[in-house]
Each structure stands twice: as C-alpha cells, then as structure tokens.
Amino acid sequence: MKIKVLVFTIQFILILFILSCNSVSNNESTKKNISLILKVNSGHYWGTIKLGADMAAKEYNSNLDINAGSIDTDIEHQKFLLNQAIDKNVDCIILDAIDFDELLESIKKAYSKNIPILLLDNEVDSPYITSTINSSKDSGIKAGEFILSTWKESCNMGIINFSRKDKSALARENGLYSEIKKNLKINVVGLEYLSDSNQSYLYTNNLIQRNPELNLIVALNDAVAEGAAQAILEKKLTGIVNLVSFDASSLEIKYLENSIINATIIQYPFNIGYLAVKYAIEKSEGKDIDKSYTIGSKIITKENMYLQENQKLLFPFIK
Amino acid sequence: MNLSRFKIRKTKSIQFLITQSFIFVTIITLIIVSMIMYNKFLRISENNLKTTSRQVVNQVNNNLDFYIQSMMEISDSIVELVSNSNENSTEHNAYLSNEINVVLKSRKDLVSISIFSKSGNLIIGAPNKSVKNNLNILTQDWFQTPITQPSTLFFSSPHVENIFENQHNWVVSLSREITYNISGIKYTGILLVDMNFSAIDSLCQNANLGKRGYVYIVDSNNNLVYHPKQQLINAGLKSENLYDVEKNVFGTYFDNFNNEKRLIIIETVNNCRWRIVGVVYQDDIVKVKDDIFQFILILSVIAILIVVIISALISAKISKPIKTLEKSMIQLKEGDFDVSLNIKGEKEVVNLANTFNIMVIKIKNLMQQILVEQESKRKSDLNALQSQINPHFLYNTLDSIVWMAENKKTLDVITMVTALAKLFRISISRGKNIISVKEEIEHAKNYLIIQNVRYKNKFTYEFEISEDTLKLKTLKLILQPLIENAIYHGIEYMVDEGEIQIKSSIKNNRLLLEIIDNGLGIASEKIENILTIEENPSKGSGVGLKNVHERIQLCYGKEFGLDIHSELEEGTHIKIWLPIEEGE
C-alpha cells in the first residue's frame, strides 16, 4: 500500500515538473523566425525597408533574417536564398520577387511545407501565396492623378519603364495607365523598357528629337529618371519638357529642388517593411491576415519636400 | 462494527506518518518561502527596471543638455567674434570668415554657421558653400522667431538642413539675433548654427528600456520633436499617448495605452523646453515575473521530490527496527518462545528489544515452572490417590476374603466385601477432599469392621457420635489413619483385648473428633516430635499423624489440628479439632 502511495506521489511530481519545463521551453520557442528576401542589398529602398522591418521584429519579439543579392536582376541567387529559408523551416517568408515565375517551384515547395509566403508588390492571385503587400500600383495611380491635374489640356508623354518582367515595374505602369486613359487628350508617344540611366539618357534625347510636342516624360524609377533628367538639363528644356519620376535618390532630390523634376512619387518603404513583418508574425501565430494589402504612396514636389512629414520619407537616414 | 472501522482508519504505520509529516512541513515551508522570495524578487526587479530606465532617460537628457549647451556656447563665441569686428574690408571679411571656419572645424558635429541680414541675404557663412538659389528663408520659423522675439534663442526640431547646396544633413538649428558691423554701421541680423543630430539620434535609438521600450522627445507645444516610430505615426499606423504627457510635466507614472501597461518617465531638457519621455513596457517586467515564477516552480518541484525520497528513506530506516520488533512479537504471539532479538537502531528501540528478550525468557521460565508444578501436582495427586488405595491393606484383606471363601464362611465374606467396597468408595469420594462427618465416620466404621475380622478378637470398638455433628464437614481420611496407628502401634502388641473408642462432639464451638485406645501408648518425648518429624512409612498407609495434622492445618488454619495425650501402658487419646462447617 505504501509503495503505491509513493509511486503515485512521484508520478504526480514528475508531471508537475514536466509541465513546468514545458512552459519554460514554450516561452523560448514562441519566438517566431521570419525571413525577408529582397531584390538587392543596397540602395535607399533596401535600407529603409530594413529599418521598418527591424522595428517590427523588435516590437513583436521575433527573429528576423534579411537577405538579398547584390544585383537586382540576379534571379538565381534569389532562388538560392528562398530555398535556404525553406530548408531552415522558418515560420514565414516575405519575398520581393525578381521574377515570380522563376521562383514558383520553390514557392510551391514552401506551400507544401506549410510555410506562408507574403509577396511584396505583386498582385498575383496564386493559391500558394498567403498575402500580397502592394504599393507600386498605387504609386502609378498617384502619378497618373498628378499628371491629370497638372496637364489637363494637352499632354504628349513618353514613358520609360525599367523592367519588362519586374512585377513592381509593371504595377507602376498599370497604375499609371489606369489613370491617364481617363483623359483622351493625353497621348503616349513613346514607351520603352530600359535598364540604366545611360540608356534612358540616350532614349530621352532621341524621343525629344523625334517628338517636338513632347512635354512630359514619366520615368518609372530613379535610374531611368536620372538619365532623362540629365538629358533635359543639357538640352536646357527645363520646364518645357517636364519630368515626373518615382523614388527619391539624392540626385532626384537635387533635380527636384532645381525644378528639373516636377514631382516624384515615393512609396513608404519603412512602413512596408514594418507592416510586412508585422503581418508575417501574425500569420505565424495563427491569426488570419488579408489576402492583399495596399500601402499608399505620396507625391513629392519642390514645395512640400521639406515639410516635417516628408523629410523623414525623403531622408530616412541620419548621416 | 462502526468502532472497528474507526479503529482501522486511525492506525497508520510509523513510516507513513513520518513521511507524511516531512512532506507536509516541507511543502508548507516551500510555499511560504517561495511566495516571499517571489514577491521580493519581483519587487527588486521592478525597482531595478525603474531605476535603470530612469538612469537611461537621465543619460539621454544629459547628452541632449550637453549638446544644447555646446550650441549655445558656440553661438556666444560667434556673437562675440562678430561684434568685435568692425570693418567691412575684404581682408577683414576673409579674416572673419576664417575665424568662423576654425570654430566650425573645431567641432566634428557642427554642420554650418551662417549670418543672415534682416532681408534674408547671407552675410557670412561657413562652410563656404553656395546657398540654394531658390530658397525662401524669410518665412522659415528659425528666421522669423528671433526677429519677433529678439532676446530669445530659438531651437528648431530636428530637420534636414536645406540652405546650402548638396547638404542634406539632419540638424538641430539654433538661431538668434546678432549684431554685425559694416563700414561702421551696426546692423542686426540672424545667426544660424546647425549641429548634426546623428549623435543624439543614435543615442535615442540605442536607449535600452527593456525589450520594447523606447525614448522620444516632445517640445513645449507637445509636438513630436523626435520619435523612433515617427514614420508610422505620420502614416497613421501608430499613435502615441501625448495627452498624458502634456498633463504630467515631468516625473514617473504608469499609463495604459492600447491595453498595455507602461511606465512613463519624463524629464525636461534645460534651455530649450523640450521634454524627454521614456516608455517602458510592463510586459518586460512581466516576462521577468514569469521567468522567476517558473524558476521557483521547478526548484520547488525538485525540492519536493528530493524531500519525498529522503523522508521515505529516513522513515524506513527509523521504522525498520520497530518493524522487526513487531514481527518478533507476532512470532511470540503464535507460540514461538525461542525468539531473541538482535536489533540495532534507536536507543529506545534497542531498550525495547532487550526488555522484550528478558520478558520472553521470563515467560519461557514461567511456563516451564508451570509444567513442573503441574507435573508434581499430578504426581502428588497420584500419590494421594495411591495412598488412599493402600495396596498392603488391600492384599491382606483380599487374602482374608479368599480364606473365608475357601472356608465357606459366606456371611463373613459378604460382610468383608461390602465393608471393603464402602471403604474404598468413601476413600476415593470421587476426588473430593471435604466430606461429611457422617461419611468419615462410616469410613472409619468399615475400616474397623474389616480390621476386626482380620484381627479376630483382638479388639473391640465403640462409637459415640453426637447427632448434631453428622451433618458437618470435615477433611477426609483423618480418622482412618489414626485408627490404623492405634491398631498397629497401640493394640497389635497388646496381650489383653484392646478397646478403641471413637467419639464426635461439638465443643467450644469447634468440631471435636476423638480416638481413644488403651494401647501401649506413646513416650512423652515422642509425642513432641510426632507431629513435626517426617515418619518413615514402615507399616500402614504411610499417611501418618503428621500428615493428618498438616493437612488439617493447611486446610483450616493453625488453630485446628491434632492434640495428642498418651501414657505408656495406659493408652492414647487423640483429639482432632476442626471448625464447624455446615454442609447442605
């Protein structure tokens, strides 16, 4: 009889012990692991997204891994990084895909392992993707709105895009088109896909020559904008050939101050980074998140660029 | 039935009781100590967090203070420098510009120093960069304020410096009124000193206020000067509880924001009326609380486990000798008297065991004694029985009967056999020791009948029995031995005919039986010893005078017994005194 009692007591105590150990280890393991894979590991956009992502990781107490290749067209390296994250069995992956179709296989693998994937700037409707966080289309729309309101009467524009395949590039273009087609007086006299500022410079020159009524160029990223701006500046056509650009590199800011660029559309990379990580953590904890999120963008002009709220956007880093 | 159930529940083994009390005491102590420790730890870590957080905020304040002070000192030195120059010659201008550049270079985080005229023109500036050509400084607040409030120092909130070409540093600006001379005419202008904000920014970013805590700065109008999540606040994704900050100018308090409890620490920065706000999340303290709780829980569980094992061992050790004792006693109960304990253990138990051993030996001896006594009692009973039967007398009498039967003396045979039967019946008396006087007299009568036949005409006998004695009680076999004595010692060797008288009466409230014979008598010296010295049973039944006397005294006490009177050649008169005991 007394042996039974002893055994029972020991069992009971062991159970208590195991339970308490469990809850200790539970605490440790509730820290989620998030992997953020961007297109390139340099530049203004990358740095700002990182700031926002880090802040969310700290606030919601999770581990965050940020990876990217050094060339923003290196799809092989991005595939490698994606597979690496899948193999590490992270809780969630945030992906800014260079080429969605190329990565589809790895994405399917992640799906089969129950690792949710959040896409940045990609309005694809795929069952393998948990959610998308979009802002590029909105920036295109905002550009379109600005153009509609500024050059209502007549507008002959050239559009310089920076990638045929990049979904964010296409999103900007689609956003732009969706607005400008509302005004039949706007003509698109040229559309080209160029990858650097030199090509853009040459093309702008060409376009100006061929189209004397050209009064607007829309350059869909900083590289092509800089090339176009330079061409306009050299030809002394500031104010005649207007320029609407995207992003805010330091050159673009200078051009903006000097009125060569009329307006530039910026997205909120800090907020994108922050919200992407926040939603990723929520999904890992089992909460439901929306299928798509749209994060807005802003039109920056010479007049409003030094406003308090815009300063932080244009100059996120304190040097 | 109820009682036995009650009893069973009450008796638990020593081992169980010891273990139970150990565990009980330990658990209570553990719980109390844990609770006290837990509370203490908690309070200590809470206080620690508060103190550290206050220190952090204080540190940020000190740095900010130093920063502001430096700017003020620089502005003071510039003012002094400028007011001491009084010519607007080119060399002098160059000299002044040089001086200002030296000041600029003397501090790493000075970005620019510039003096503007009241109309917004740059008079002198360092570094020597060109002003952005589309700048409209007249409306900017750093320019306006010193004009409208001449003797104040204006501190701007951190912003991007946008006066000079290719400069996009984050700075804090100090502006004030300044007097300068051109060609001897004093003019008032605005001095602008820009200082790099990066140092303060990294300080604020790295302020360690727990896992999720942070530091932010507000100005006197409760606008955010600096906030680590400024972009999120601007985008409306986050908000800050500035309302309470406005109410509490400085100090430490708790607020509840977004369902989270936070510790708020506010300090004012000297000279610029900014306030630093530190935010610490209570969760971080709670996490510590959970950690401590789990630690204590595991510790307690381990301790209880150890205590259970140890107490089981200890109680087993203590109760083992007692159990051995218990087992031996059970053995004893079942009749094994050869148990002998060799127990080691506690002093009391060893004593118990020794006493137990002694007791067992005593019991064993007692039992032996009883056996021996039973044996001897049986023997003496047997002896007594044997004596009652007296083989010699029996053989002789039977011989006589045979002789009479051979001689066809039938009547005599009948008399003898009848008398013999009656004699033995009373002799044995079914084992009783006390019979009635009537039976004893009967017994004596039968004996005399038989002896009379054997000792033909040797003697005569006579009974004088008082009626009221017949029903009284007496010890059996007291008359016959005395009569036997009278016959063998008194009359047998007489020449003349002997006479034996047996009397019974009540005298002096006692029962008196007398046997009187006229035989040889007993010598007076012998009379003294007769009742005391053991006789050798040479003849007769062996149950002699001494025996009768002793039996009477044993049974009835020393005041009764035999009284012997005798005279040689004359006769013997024996008186038997007995108590009066009524029979039913």
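# Reading strands and sheets

Biologist: Let me start with a single spot: which residue stands opposite A:Gly158 in β7(A)?

Modeller: A:Gly190 in β7(A) stands opposite A:Gly158. Before we go on, residues are numbered from 1 along each chain as its sequence is written, and chains are lettered from A, with ligands numbered from 1, in the order in which they are written. This is a predicted model in which local features need pLDDT of at least 70, side-chain atom pairs count only at pLDDT 80 or more and totals for chains, interfaces and linings use all residues, while side-chain values use heavy atoms, leaving out hydrogens and water.

Biologist: Thanks! How many bridges link β6(A) to β7(A)?

Modeller: First the idea: helices (H or I, at least four residues) and strands (E, at least two) are DSSP runs, numbered from the N terminus, and two strands pair if DSSP finds at least two bridges between them. Here, seven bridges link β6(A) to β7(A), residues 186–193, in the parallel sense. To get from β6(A) to β7(A), the chain passes through helix α6, residues 167–180, in a right-handed β-α-β crossover. Right-handed means that, with the strands pointing away from the viewer, the path from the first strand over the helix to the second runs clockwise. β6(A) also pairs in parallel with β8(A), residues 216–219, over four bridges; there A:Met157 has A:Leu216 as its bridge partner.

Biologist: Is β6(A) mostly covered or uncovered?

Modeller: We call a residue buried under 20% relative accessible area, exposed over 50%, and partly exposed in between (1.4 Å probe, protein chains only). In β6(A), residues 155–161, seven of the seven residues are buried. Both faces are covered: A:Met157 and A:Ile159 are among the buried residues on one side, and A:Gly158 and A:Ile160 are among those on the other.

Biologist: And why is A:Ser35 called buried?

Modeller: A:Ser35 is called buried because its relative accessible area is 3%. This residue sits in strand β1 of chain A. For neighbours we use contact, meaning heavy atoms within 4.5 Å.

Biologist: Over in chain B, how do β15(B) and β16(B) run?

Modeller: They run antiparallel, joined by eight bridges. In their hairpin, two residues lie between the strands, and B:Asn508 takes a positive phi near 55°.

Biologist: What is the average pLDDT of chain B?

Modeller: pLDDT is the predictor's confidence in each residue, from 0 to 100. Chain B averages 82, and 92% of its residues score at least 70. Over residues 537–542 of chain B, however, the pLDDT is below 50. Where pLDDT is low, the predicted coordinates should not be read in detail. As for the model scores, ipTM is 0.75 and pTM is 0.63.
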